[in-house]
Amino acid sequence: MITRFALVCGALAAVILAATAGDQWPDPAPDLITAGPGSTAAAGPVAARSAGHAPVELDCNPQNRRASLRPQGTVPAPGRMPSGSTMARIAQRGHLIVGVAQNAYPLAFRDRDLKLAGFDIDIARDIAEAMTGDRERVVFRPHPVAERLELVRSGQVDLVVAATTISCPRREKVDFSAVYYEATQRLLVNRGSGITGLDDLRDRRVCAVRGSTTLGRILADPSKPIPVGEPTTSDCLMLLQLGDADAVSSDDTQLAGMAAQDSQTEIVGAQLSEEPYGIAISKDRPDLVRFVNGVLERRVQDGRWRASYEHWLIPLGPPPSPPTPQYRD
């Protein structure tokens with residue numbers, strides 16, 4: 001019990017510390033992130049089922065939702081961005097602004113030096129380097145999951161690299177890069193709980209991040225678990241440790257990080273869904289979408305995708321083949 005209590009306190013301290021840590025590059029302006037219309041960012045845990053919270057799925061299949069804009073030729077060298085392009089304006093500003101998570105180990109988290117690190121952070125830095133010539137010229141804007149698309153739409157960030165699952169409703173609001181990682185939704189439970197899948201969670205509490213596709217699937221599942229919405233996966237892990245949730249549901253990437261933090265937890269059950277990650281970019285910036293896709297293709301070709309996987313995601317198993325990009329033009 002002492003060890004488990006220490007884990008809870010340590011996780012809480014990490015959340016508080018991360019919330020007070022600054023950006024990786026001088027911030028050009030005060031943080032203007034606010035909850036948009038209908039945002040649940042200020043609401044307490046969701047403890048009741050409501051049809052109004054279920055995501056509206058459009059006529060969309062797993063293939064066409066993944067299709068993005070094709071890169072136009074090779075990626076231009078830093079300092080040689082096309083005149084008048086979104087990339088030229090960003091390079092002239094001197095840094096890329098990226099919306100990220102900050103407590104989603106091993107995708108994006110604060111390391112011992114309070115610098116952001118992880119699989120998603122590697123991608124953001126590679127894009128910044130391709131555009132400016134310096135992978136440190138990036139301003140990271142941590143944000144609640146429920147607000148990430150609004151940050152893109154309002155222009156507060158240039159793009160969001162935050163394990164964002166590409167879905168049809170989201171594609172109505174923003175554009176996406178090609179898929180950069182294929183995750184799956186699963187469950188994290190306490191060892192010895194006897195829980196082996198969602199069927200064992202009828203009328204029991206399952207925590208997921210507010211604004212995520214995961215929470216919508218918990219709401220819609222016929223086994224009728226009780227959804228508990230929290231701002232971050234760290235909050236969900238603490239609820240599980242404290243006995244205030246019976247399971248956590250999220251992408252396998254983030255569950256692996258939580259299991260690594262607490263050896264008294266384990267990932268169980270079958271894959272509940274496919275979670276193709278894409279980089280969210282404004283619909284008004286198709287040139288940036290094409291540029292980012294060119295950078296993603298180059299990362300696969302030069303081995304950086306595999307190296308990043310082996311550094312951060314190897315607990316999930318041997319490196320799979322990187323996702324094959326799909327384009328709609």
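A residue counts as buried when its relative accessible area is under 20%. Keep that cut-off in mind for the exercises below, and remember that this is a predicted model.

**Exercise 1. Get to know the whole protein.**
Task: find how many helices and strands the protein has, and what share of its residues is buried.

Solution. 
- Step 1: Start with the secondary structure, which comes to 10 helices and 12 strands.
- Step 2: Turn to burial. The protein has 329 residues, and 51% of them are buried.

**Exercise 2. Look at strand E1.**
Task: decide which residues of E1 point one way and which the other, and whether they are buried or exposed.

Solution. 
- Step 1: Locate strand E1 at residues 96–100.
- Step 2: Sort the side chains. Leu96, Val98 and Val100 point one way, while Ile97 and Gly99 point the other way.
- Step 3: Apply the cut-off. Residues on both sides of E1 are buried.
- Step 4: Draw the conclusion. Five of the five residues are buried, so E1 is largely enclosed by the rest of the structure.

**Exercise 3. Find the partners of E1.**
Task: work out which strands are joined to E1, and in what sense they run.

Solution. 
- Step 1: Go to strand E5, residues 138–142, which pairs with E1 in the parallel sense over five bridges. Within this pairing, valine 98 has phenylalanine 140 as its bridge partner.
- Step 2: Go to strand E6, residues 159–165. E6 also runs parallel to E1, joined by two bridges. Here glycine 99 stands opposite valine 160.

**Exercise 4. See what packs against helix H2.**
Task: name the buried residues of H2 and the elements they pack against.

Solution. 
- Step 1: In H2, residues 86–93, the buried residues are Thr86, Met87, Ala88 and Ile90.
- Step 2: These buried residues pack against E1, helix H3 (119–132) and helix H9 (286–301).
- Step 3: Follow the chain just past H2, where glycine 94 has a positive phi of about 110 degrees.

Notes: Residues are numbered from 1 along each chain as its sequence is written. This is a predicted model: local features need pLDDT of at least 70, side-chain atom pairs count only at pLDDT 80 or more; totals for chains, interfaces and linings use all residues. Side-chain values use heavy atoms; hydrogens and water are left out. Buried means under 20% relative accessible area, exposed over 50%, partly exposed in between (1.4 Å probe, protein chains only). Helices (H or I, at least four residues) and strands (E, at least two) are DSSP runs, numbered from the N terminus. Two strands pair if DSSP finds at least two bridges between them. Contact means heavy atoms within 4.5 Å.
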